Amino acid sequence: MAKLTLRAESSHLFYSQPSSFISAPKRRRLLSFPPKPSLKFRVFCSIKEKESVKRVNGLPGDEVVHRAGSGSDSEGESGQKSGSVGFDLDWPPWKNIPQRYKLIGTTSLAFVICNMDKVNLSIAIIPMSHQFGWSSSVAGLVQSSFFWGYALSQLPGGWLAKIFGGRKVLEIGVLTWSLATALVPFVAGFTPGLVVSRILVGIGEGVSPSAATDLIARTIPLEERSRAVAFVFGGLSVGSVAGFLLAPPLIQNLGWESVFYIFSLLGIGWYVGFQFLEGQPSWVDLKTAQNTSPKELADSLKDVPWKEFFRSEAVWAMIYAHFCGSWGHYTCLAWLPTYFSEELNLNLTEAAWVSILPPLASIFVNTIASQIADNLISNGVQTTTVRKICQTIAFLSPAACMTLSSLDLGLPHWEVVGILTAGLALSSFAISGLYCTHQDISPEYASILLGITNTVGAVPGIVGVALTGYLLDSTHSWSMSLFIPSIFFYLTGTIVWLAFASSKPQTFAKRD
């Protein structure tokens with residue numbers, strides 16, 4: 001029996017003619033129909049009745065080439081049996097991309113949506129405050145509620161990623177925060193309900209960094225790790241840009257509620273599409289994980305060397321550095337649109353456009369920083385030295401720029417915007433500094449270590465964002481409420497990082 005398979009690959013047509021469906025004794029010419037550019041077809045002939053395929057013009061039948069438009073005949077002979085034809089198209093284009101790259105790409109896309117759902121409230125809070133009569137303190141409380149859930153989910157997220165794999169934890173997290181985002185317009189008039197919905201958004205987004213860290217630590221080699229971390233976590237900057245770009249026109253044309261509905265649909269769409277991503281990483285045994293009993297899960301939690309973590313100076317350096325970096329990042333993320341609107345007298349759209357500049361510049365800096373870091377490591381520079389250099393740049397640059405912005409130097413407003421943009425963009429060096437150190441010192445426990453440091457790093461989101469609103473009401477000074485606290489933590493974080501940080505691999509073996 002002859003079986004033919006037609007595969008679209010280029011502008012060539014490979015043909016082997018089974019005699020069963022050609023009634024005329026003459027051999028028929030197979031004309032190639034006009035394909036799209038670079039599209040070709042192969043017909044593979046498998047004949048079970050014969051031990052060998054007849055050769056045509058000195059070539060095997062499946063290698064005879066009929067070129068489109070050439071007018072030549074392709075001839076071949078085979079047994080007198082019936083044949084079947086099937087199509088095997090190389091589609092979609094990413095079909096042959098290695099699995100780990102697909103996972104990294106989709107994880108980065110999840111982080112894009114993650115920050116879109118984080119910054120949407122930073123823009124929507126302005127019309128919401130006017131509609132519901134909120135003071136700066138109440139607005140700060142509403143924005144900080146996200147970080148309550150974010151902090152609560154860090155350690156559980158890291159532990160679950162280690163047990164079930166980062167992929168499963170990530171998809172559940174995306175679905176959770178997307179559904180919670182859709183709830184915001186329904187409960188906005190009831191402050192406790194709004195706070196709870198934002199806590200749920202924080203819980204969903206809180207498990208994502210640990211899930212991504214678990215994926216990277218187990219699939220990406222050291223010499224590529226800075227770029228992988230930069231690509232994944234760089235999605236946060238892209239998400240900030242997309243959120244600040246899309247939110248103002250949506251709010252002005254469809255109302256502030258629309259940003260929550262539309263952004264939530266993006267997350268739900270990602271979740272649905274992620275289900276069609278084939279395969280699991282080889283190191284994730286989902287069947288075993290899903291069949292694990294509660295007792296076994298509890299035992300696995302006990303097996304984590306918690307005490308050894310906190311006996312490590314490097315871990316404490318990561319914890320404090322994460323806290324310091326998060327203070328500046330989260331307070332600016334929440335309050336910069338309001339600062340630009342009130343201090344620079346910009347309208348909603350203008351404030352949002354100006355707020356785009358720091359994350360937009362961060363995308364560029366992030367790419368450069370990761371390339372520099374990986375090249376230094378590949379050329380033999382100690383990993384610890386590279387991480388210290390990158391993190392020091394990430395701390396001192398925004399500290400210097402915030403100092404200039406807080407002083408009354410009589411600078412034009414747009415110069416202040418440029419200075420803040422430069423400082424916050426250079427803080428992206430932390431992606432190749434602090435955020436790689438978890439994987440450096442322990443790929444096995446990287447997700448849990450990030451869970452620990454990110455739990456502490458979420459505290460500035462709770463305390464710092466709300467405290468900024470309180471200080472603003474009390475002092476009416478953006479320098480005192482927003483910049484000076486961040487400068488303090490940037491400087492002290494630099495000292496601690498240079499003194500105690502290390503990327504030397506650690507086993508964290510339990511001591512007797």
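Predicted model: local features only at pLDDT ≥ 70, side-chain atom pairs only at ≥ 80, totals over all residues.

**Loops, helices and enclosed spaces**

Reply: Histidine 476 lies in the loop between α17 and α18 (478-500).

Me: Is histidine 476 buried or exposed?

Reply: A residue counts as exposed when its relative accessible area is over 50%. Histidine 476 has a relative accessible area of 66%, so this residue is exposed.

Me: What is the phi of histidine 476?

Reply: Histidine 476 is not a glycine, yet its phi is positive. The value is about 55 degrees.

Me: How many helices and strands does the protein chain have, and what percentage of its residues count as buried?

Reply: The protein chain contains 18 helices and 7 strands. Its length is 512 residues, and the part of these that counts as buried is 52%.

Me: What share of the contacts with a separation of 6 or more comes from residues 24 or more positions apart?

Reply: This share concerns contacts in the protein chain between residues with a separation of 6 or more. Within that set, residues 24 or more positions apart account for 84%.

Me: Which residue lies 5.9 Å from threonine 468, C-alpha to C-alpha?

Reply: Threonine 468 is in helix α17 (residues 446-475). Its relative accessible area is 2%, and therefore it counts as buried. Leaving aside residues up to four places away in sequence, threonine 468 touches Thr331, Trp335, Ser481 and Leu482. The residue at 5.9 Å, 14 residues apart in sequence, is leucine 482.

Me: How far is tryptophan 327 from proline 460 in space?

Reply: Tryptophan 327 belongs to helix α12, and it counts as buried because its relative accessibility is 8%. Not counting residues up to four places away in sequence, tryptophan 327 touches Pro460, Val463, Gly464, Leu467, Pro485, Ser486 and Phe489. Although tryptophan 327 and proline 460 are 133 residues apart in sequence, their C-alpha atoms are separated by 4.8 Å.

Me: Which residues does valine 354 touch, not counting those up to four places away in sequence?

Reply: Valine 354 is part of helix α13. With a relative accessible area of 3%, valine 354 is buried. Its C-alpha atom is 9.5 Å from that of serine 341, 13 residues apart along the chain. The residues that valine 354 touches, under the stated limit, are Phe340, Leu346, Trp414 and Val417.

Me: Which element gives the largest share of the largest nonpolar core?

Reply: The largest nonpolar core has 90 residues, and those with the most contacts inside it include Phe233, Tyr339 and Leu420. The largest share of this core, 15 residues, comes from α12.

Me: How many residues make up the second, separate core?

Reply: This second core is separate and includes Phe263, Leu333, Leu348 and Ala352. Its residues number 29.

Me: Why does the span of helix α8 agree with its number of residues?

Reply: Helix α8 covers residues 257-274, which makes 18 residues. At 1.5 Å a residue, α8 should span 26 Å. The two values agree because the end C-alpha atoms of α8 are apart by 27 Å.

Me: What covers the buried residues of α8?

Reply: The buried residues of α8 are Ser258, Val259, Phe260, Phe263, Ser264, Gly267, Trp270 and Phe274. Among the elements that cover them are α1, α4 (166-187), α5 (191-206) and α7.

Me: Which helix gives the most to the lining of the largest cavity?

Reply: A search of the whole structure finds 3 cavities of 30 Å³ or more, and the largest has a volume of about 760 Å³. Its lining has 40 residues, of which Leu236, Ser237, His329, Ser427 and Tyr435 lie nearest the centre. By class, the lining consists of 23 nonpolar, 15 polar and 2 charged residues. With 10 residues, the helix that gives the most is α12.

Me: Which elements give two or more residues to the lining of the second largest cavity?

Reply: The second largest cavity has a volume of about 90 Å³. Its lining includes Lys118, Gln143, Arg198 and Tyr330, and by class has 6 nonpolar, 2 polar and 2 charged residues. The elements that give two or more residues to this lining are α1, α2 (136-152) and α12.

Technical notes
Residues numbered from 1 in each chain as written. Heavy atoms only, no water. 1 Å grid on protein atoms, 1.4 Å probe; cavity = no way out; pocket = protein on both sides within 12 Å on 5 of 7 lines; lining within 4 Å. Points joined across faces, edges and corners; volume = space filled by probe spheres on them. Helix = DSSP H or I, 4+ residues; strand = E, 2+ residues; numbered from the N terminus. Nonpolar A, V, L, I, M, F, W, Y, C, P; charged D, E, K, R; others polar. Expected span 1.5 Å × (residues − 1). Buried < 20%, exposed > 50% of the residue type's maximum accessible area, 1.4 Å probe, protein only. Contact = heavy atoms within 4.5 Å. Core = buried A, V, L, I, M, F, W, Y, C linked by side-chain atoms within 4.5 Å.
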